[in-house]
Amino acid sequence: MAFDLHRAYRLNPAATLRPEPFGALVYHFGNRRLSFLKTRQLVTVVRLLDSHASAAAALDAAGVPAGQRPRYAAALAALTDSEVIDAR
Amino acid sequence: MPADTATLTEQFNGGLAAPICLTWELTYACNLQCVHCLSASGRRDPRELSTQECLRVIDELERMQVFYANIGGGEPTLRPDFWDLLDYSVAHHVGIKFSTNGVRLDKRAARRLARTDYVDVQISIDGATADVNDAIRGTGSFVTARRAMDNLAEAGFGEFKISIVVTRHNVSQLDEFQQIAQGYGARLRVTRLRPSGRAADHWADLHPTAAQQRQLYHWLSARPDVLTGDSFFHLSALGAPLPGLNLCGAGRVVCLIDPVGDVYACPFVLHEEFRAGNVREPGGFTRLWRESELLLRLREPAAAGACASCGMFDACQGGCMAAKFFTGLPLDGPDPECVLGHGERELAKVCLPDRPQAGPGHSRVRVFLGQIAARAAT
């Protein structure tokens, strides 16, 4: 699924982050799915989504280099599929 | 991102801030005496955690963000405070998945469960027919389990789980199990028989043959929707890896709290050698998870040992620690059910008296295959 970097997103209220050495675990209490945020920078991005006008702005704020953007967009798309984040 | 799935597995090897898959056995009391019970349950232990102590454990799990606990026993619903503990846990963001033989799942209990969020129910059967099931689990246990399933379905619980331990005698019934599950709108879960607890005495007669293991591998590969608790990773040496985490999670992502509060590396190694401590000690479960010498040691990279020269080590990771331990095999060698046959050769060298003794545990009586002394469930 194409991920729209220019939209605003939020962490789903039913999803909870648990910090881990590699990044974080996310548990969705609604659909009971466990997801993995595989880098700490991705955790930062996810935490910044709520306070930024777009996913792209959150990536900038987290200091994600331009060359890494496609990989982060793919990770965010997967998190949308598992309902960890959703468009607001 | 620099990290991919492979490095995530490496991160798991180093351990997590809290377990993902925590099993908590609430009581050793059980109305059944299954021949393969991995906790050798039967009689309640007078030292079992009190209600207050259980509530404190739940508080800890909430602080550690253990998202859900797998509750078992014994038969957990025999604890008079079972329903209170369940409600308290769910209210404190620790979801509950509990395993039961169904003895207390009457219509009223089923309706109550259907109203509760964050609760999963797993009903155990070990045969798709009463004769195969009752030979393992005791006379009347199949009828009891089916009645509990009927009650859950009637109450509109939704997708409960039907849990099977794969044995030599039920592996030919996998399709029938699947039909039973589909008939209820339930999900099938099949897990591996370990030589733990009372199963130590029966493993040689009950574990699937090499041909049956190959059959099981192909059956599971074609049905990724069947849950396995990631317990068959030793079969991944047969070809493409099975879905899930293909490594031993003991002490890394997996842990067990037993009814008296003892913490073990995994649910299949109830033995002093794998006991990290007790939740009643200062610092409780949290300190044990983070600082126990045993658990820290288990998080170090596993030595391939005798498997180092085998090209399939990356696929199977040497198999299950508990299966090796209780069959008397070295922990850094092949699994007793190694699909390449290395385990069988090693087993032939093991002297019976050298095998670690599981002990009688909390069994009420000595249990023999085919002549089960369990009371018929009422």
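**Exercise 1.** Determine how H5(B) and H6(B) are oriented to each other.

Solution. Step 1: take the elements, which are DSSP runs numbered from the N terminus (helices: H or I, at least four residues; strands: E, at least two). H5 of chain B covers residues 130–137. This is a predicted model, in which local features need pLDDT of at least 70 and side-chain atom pairs count only at pLDDT 80 or more, while totals for chains, interfaces and linings use all residues. Residues are numbered from 1 along each chain as its sequence is written, and chains are lettered from A and ligands numbered from 1 in the order in which they are written.

Step 1: H5(B) and H6(B) pack at about 110 degrees with their axes 8 Å apart. Axes are lines fitted to C-alpha atoms, for helices over the stretch in contact, and angles run from 0 to 180 degrees between N-to-C directions.

Step 2: the two helices are therefore roughly perpendicular (65 to 115 degrees; under 35 is roughly parallel, over 145 roughly antiparallel, the rest oblique).

Step 3: B:Ala130, B:Asn133, B:Asp134 and B:Arg137 of H5(B) meet B:Ser141, B:Phe142 and B:Val143 of H6(B); contact requires C-beta atoms, placed from the backbone, within 7 Å. These residues comprise three nonpolar, two polar and two charged (nonpolar: Ala, Val, Leu, Ile, Met, Phe, Trp, Tyr, Cys and Pro; charged: Asp, Glu, Lys and Arg; polar: the others, Gly among them).

**Exercise 2.** Describe the packing of H4(B) and H6(B).

Solution. Step 1: H4 (residues 107–115) and H6 (residues 141–155) of chain B pack at about 45 degrees, their axes 8 Å apart. That makes H4(B) oblique to H6(B).

Step 1: on the H4(B) side, B:Lys107, B:Ala110, B:Arg111 and B:Ala114 meet B:Asn151, B:Leu152, B:Glu154 and B:Ala155 of H6(B). By class, this contact has four nonpolar, one polar and three charged residues.

**Exercise 3.** Trace the chain from S5(B) to S6(B).

Solution. Step 1: S5 (residues 161–166) and S6 (residues 187–192) of chain B run parallel and are joined by six bridges; strands pair if DSSP finds at least two bridges between them. B:Ser163 stands opposite B:Arg189 in S6(B).

Terms used:
Two residues are in contact if their C-beta atoms, placed from the backbone, lie within 7 Å. A crossover is right-handed if, with the strands pointing away from the viewer, the path from the first strand over the helix to the second runs clockwise.
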